[in-house]
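Please open the model in your viewer and keep the selection tool handy. We will go stop by stop, picking residues and then a whole chain.

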Amino acid sequence: MRPRLLSIALHAGLLLAASGAAGEQPETAAQRLGIVVESGAPLEIRADELEALPDPSGRDRVIFQQNVRVSQGDMLLHCNWLEAIYPKRAEGSATPVGGQPERITARGAVRILQAGNEANCSEAVFDNQACSAECTASGGPATLRHGDDLIEADRIFFDLCQGVLKARGNVRIQARPPESGK
Amino acid sequence: VRGLEAPPLVLRGIALEGWTGAVRDLSVEAAQATIDLEGRVAKLDQVRISLAGGEAGPLEVRSPSGEFDLARDVLWLRGGVEGQTRPGERFSTAELRFDQESGRLHSAHPVRIERPNLDLTASAMDLELAARRLHLYGSVRAELRSK
């Protein structure tokens, strides 16, 4: 038997707690949706091409192109183009700032997979300091799917540390109501 | 006529410098150079080169052997090349080509680049010296660690 689905169409912003209180309250569709990243885990990026250049502003930029795959902990990201921007170098220093980038922008068929969640959009911007990501789409909605549950919106904002997500603009939710007794 | 051909010239402890105006943009040191005057090729042992790098500082490269094509101003470094592109950034590859006219370093061999908390590997590398623009090609892998 097909699961009964709840369809809601909204045009305002929507805030959903994705996983922060998991285990303390009954699981809802909203709590199943969300992406959480192990920020301390090593970040691995694979691609066919890379271009790195020192930016005149004192930041280093690294651009990955073609078949870009990113993994961090159990999070996977696929896209066509990815730019990593590093924190500003010390005044007058040519030494590159190492570690993880301050900001990552992924473009072109962006697909993020984590713990059964799949987000699809045309551009995703990750802010390492804010521990957040914003997924936007052109030519169709940004989507987040977990099994039968689906969120569509113009923009989906993820708090990657708290597991909270916010959907903005032409929001549509398709969620399976929690089964009784669970 | 064959008997009158000049023998290869062997020089020990050589240092060559290339200047553009007041800027020394190339320095090549080798423990030994065997120069084929007819073929216009110098075979080098224990090579060390330094290339001017503007604000980023000089780029230093060394290798066990090399070959200088004197006619085309192209330097090949071979046998395990190691270098520093700028402070805190090192690279290694099996073989490297320096084309003085285009101002590029190129390796068609697997390359590894290390920055603080960042390891890069790829199948080939191209570095534009003036802009310090680095291109890596083929099976690029970057591992970024938290500080």
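Start by selecting Cys131(A), which is buried, with a relative accessible area of 11%; buried means under 20% relative accessible area, exposed over 50%, and partly exposed in between, using a 1.4 Å probe and protein chains only. This is a predicted model, in which local features need pLDDT of at least 70 and side-chain atom pairs count only at pLDDT 80 or more, while totals for chains, interfaces and linings use all residues. Residues are numbered from 1 along each chain as its sequence is written, chains are lettered from A and ligands numbered from 1 in the order in which they are written, and side-chain values use heavy atoms, leaving out hydrogens and water.

Cys131(A) forms a disulfide with Cys161(A), S to S 1.8 Å; a disulfide here is a pair of cysteine sulfur atoms within 2.5 Å. Cys131(A) sits in the loop between β7 and β8 of chain A and Cys161(A) in the loop between β11 (155–159) and β12 (164–168), so the pair ties together parts that are 30 residues apart in sequence. Strands (E, at least two residues) are DSSP runs numbered from the N terminus, as are helices (H or I, at least four). Look along the S-S bond: its torsion is about 95°, so this disulfide is right-handed. Cys161(A) counts as partly exposed, at 42% relative accessibility.

Next, select Cys121(A) and Cys135(A), whose sulfurs are joined at 2.0 Å. Cys121(A) belongs to strand β7 (residues 117–127) of chain A and Cys135(A) to strand β8 (residues 132–136), 14 residues apart. Here the torsion is about -65°, so the disulfide is left-handed. Cys121(A) is buried at 8% relative accessibility, and Cys135(A) is buried at 1%.

How do the disulfides of chain A pair up along the chain? Counting bonded cysteines along the chain, the pattern is 1-3, 2-4. Cys79(A) is in no disulfide, and the nearest cysteine sulfur, that of Cys121(A), is 9.7 Å away. Cys79(A) is buried, with a relative accessible area of 3%.

The C-alpha atoms of chain B fill a box of roughly 65 × 35 × 25 Å along the principal axes. Of the 147 residues in chain B, 39% are buried.
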